[in-house]
Every structure is written in structure tokens, then in C-alpha cells.
Amino acid sequence: MDFKKFIVIPVFIAFLAASFIVIDQLLNPLMPIVDKGGFGWVTFQAWAMYFLAGCTFKGGVRTFLGYVMGILAAVLIFYLYGIFISMGFWALPLAVLIVVVPMCAVERAPSFLDFVPALFVSSAVFFAFSKLYPTAKMTDWAITILVYCAIGMVYGIVTVSLRTAYEKKVAKPA
């Protein structure tokens, strides 16, 4: 495909990204946490995770389920940290040590639950929310993350579907 035909793809993806920003600005006031900057960064990294998961519907499901499990893992880390708090410096490392073993072990789980990168990314996002929105409830962090993750999965599916259709169209001889 020559550049003149290819450039349509980046322009289309840029249009999708811009359309998401519009959605973010409209959706943000309806979320349990309201942030003037919005949560676009959550959708953009989830969108990228969709591509990392193979650009398929199954990959999107694996990513979303990985986000759910990663959030649960982060909650467990917070819980264990609270139990171990009397250990001072070692409380968080011990909590992480205990939780990361099963997080990595899901690599051997059934195929819809085995996408380890999504667990780690969503746990990191959850911890970021804990620092960015410390007065919000954990359930509010989780709801916001999962809504924006789901949007990222939809945008991933749309991106791949439309790009595939376009590439087929331009590959046909005139």
C-alpha cells in the first residue's frame, strides 16, 4: 500500500481518538469521580492493550477480564497492606509478594483469564487512582477504570474492523 492510501488509516485513528475525547468530556461529569482532565488516559492504555492482546474480540474479552482481576488483585494488596501495617517498611513489599504470585500464575488459567499484562496494567491504574483521588472510594476507582477500559475495547474493535475493511477495499484491483 502506498503512502497516499496508507495515510487514511492514521487520519481515521486520529478521528477516533478525537471522538473519544468528546465522549470523555461528556461522560466525565456522570462518573463517580469527576476530574476536569477526564480519564482518557485509561481508555488510551486499554485501547493499546486490546492490540497487545491480538486485535480480536476474544483479546478484548481477555483484556477486560484481566482488568477486573487486576483491580481485585490491587484491592487484595491494599487489604493485606492494612493487615501487615505494623511491619512498617515491609508491609507493602510483603503484600505485593503474596499477590503477585497468583497474578503471574493466571498465565496457566483458561484462555479467557490468562492475559497477565492486563492484570498488571489495571493494578497499576488502580494504584494511580489511589494517589490521584485519595478521597474517593475504591469502588468508585474500579467503576471508573472499568467503564473507560470497556470504551477502549470498543475503540479497539472499531479500529481493527474499519482498518481491515479499508485495507481489503484498497487492495482490490481497480
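In this predicted model, helices α4 and α7 pack at an angle of about 165°, and their axes lie 10 Å apart. Because angles over 145 degrees count as roughly antiparallel, α4 is roughly antiparallel to α7. The two helices cross in a right-handed sense. On the α4 side, the contact is built from F57, G60, T63, F64, Y67, V68, I71, V75 and F78, and these meet M138, W141, A142, I145, L146, C149, A150, M153 and I157 of α7.

From α4, the residues involved are T63, G66, Y67, M69, G70, I71, A73, A74, V75, I77 and F78; from α6, they are A118, L119, V121, S122, S123, F126, F127 and S130. This contact of α4 with α6 holds 13 nonpolar and six polar residues, and again no charged ones.

The chain has seven helices and zero strands, so that the order of elements from the N terminus reads α-α-α-α-α-α-α. Along the principal axes, the C-alpha atoms fill a box of roughly 70 × 40 × 20 Å. Of the 174 residues in the chain, 38% are buried. Among contacts between residues at least 6 apart in sequence, 68% join residues at least 24 apart.

In soluble globular proteins, nonpolar side chains tend to be buried together. The largest nonpolar core of this model has 31 residues, and the members that touch the most others are F129 and I145. At least two residues of this core come from each of α2 (8–27), α3 (40–52), α4 (57–84), α6 (116–132) and α7 (138–171). The largest share, nine residues, is supplied by α7. Beyond its neighbours within four places in sequence, F129 is in contact with I33, F39, W41, V42, P134, W141, T144 and I145. Another core, of 11 residues, lies apart from this one, and its members include A73, I77, F84 and A95.

Two individual residues round out the description. P10 is found in helix α2. With a relative accessibility of 32%, P10 counts as partly exposed, since values between 20% and 50% fall in that class. Although P10 and R163 are 153 residues apart in sequence, their C-alpha atoms are 9.8 Å apart in space. The other residue, C55, sits in the loop between α3 and α4. Most residues other than glycine have a negative phi. In C55, however, phi is positive, near 60°. The relative accessibility of C55 is 28%, and C55 therefore counts as partly exposed too.

Conventions:
Residues are numbered from 1 along each chain as its sequence is written. This is a predicted model: local features need pLDDT of at least 70, side-chain atom pairs count only at pLDDT 80 or more; totals for chains, interfaces and linings use all residues. Side-chain values use heavy atoms; hydrogens and water are left out. A nonpolar core is a set of buried Ala, Val, Leu, Ile, Met, Phe, Trp, Tyr and Cys residues joined through side-chain atoms within 4.5 Å. Buried means under 20% relative accessible area, exposed over 50%, partly exposed in between (1.4 Å probe, protein chains only). Helices (H or I, at least four residues) and strands (E, at least two) are DSSP runs, numbered from the N terminus. Contact means heavy atoms within 4.5 Å. Ala, Val, Leu, Ile, Met, Phe, Trp, Tyr, Cys and Pro count as nonpolar, Asp, Glu, Lys and Arg as charged, and the others, Gly among them, as polar. Axes are lines fitted to C-alpha atoms, for helices over the stretch in contact, and angles run from 0 to 180 degrees between N-to-C directions. Angles under 35 degrees count as roughly parallel, over 145 as roughly antiparallel, 65 to 115 as roughly perpendicular and the rest as oblique. A crossing is left-handed if the near helix is turned anticlockwise from the far one by less than a right angle, and right-handed if clockwise.
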